[in-house]
Amino acid sequence: MTVSATLVIVMAVLYAAGVYAMLERSLTRVLIGFMLLGNATNLLLLIAMGFPGVSPFHGAEGASDPLPQALMLTAIVITFAVSAFLLALIYRSWQLGEADTVVDDEDDLSLRQRAEETEDALDVEEVDAETEDEETTDFTDGEVSPLTAAFELPRDGEGRS
């Protein structure tokens, strides 16, 4: 296994672990997941740089491309700033509730209940629409009859109307 393949596998594991950790309700785990994603992004940019002293896209000898290096520095700064913000949120959450977990409040529960009721009503309407008789419409209560003309148009001598 080459160094590049190892870095790709480590990067994939970091991305997977970061996404998994960010899906938790604990703010501390969200912070850890975000930091894992930031490190995985740095590894991605490191892989994109290629070998030192070789241009990553042309493969010719020469100076390496400075763009991935600038992007890596930017990713480090963004990860640091968001981590500091999340730490402030965790600290404030701990001060107010002595817990760092996100719990559902009454509005969340009522919204979830309304969504389930709406989904059930839409399912019932869909079943009713599938079983409805094809000859009836929403505009009439009875069966549909074909339209007939109340009068005939006069025809000229050649048979055209």
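I began with burial in this predicted model, and I found that buried residues (under 20% relative accessible area, with exposed meaning over 50% and partly exposed in between, for a 1.4 Å probe and protein chains only) make up 17% of the 161 residues in the protein chain. I noted that residues are numbered from 1 along each chain as its sequence is written, and that side-chain values use heavy atoms, with hydrogens and water left out. Because the model is predicted, local features need pLDDT of at least 70 and side-chain atom pairs count only at pLDDT 80 or more, while totals for chains, interfaces and linings use all residues.

Next I looked up the secondary structure, which for the protein chain comes to 4 helices and 0 strands (DSSP runs of H or I with at least four residues for helices, of E with at least two for strands, numbered from the N terminus).

I then searched the whole structure for salt bridges (a side-chain nitrogen of Lys or Arg within 4 Å of a carboxyl oxygen of Asp or Glu), and the search gave 1. Glu 24 pairs in this way with Arg 29, and their closest N and O atoms are 3.5 Å apart. I checked both partners: Glu 24 is partly exposed at a relative accessible area of 29%, and Arg 29 is also partly exposed, at 46%.

I placed Glu 119 in helix α4, which covers residues 106–131.
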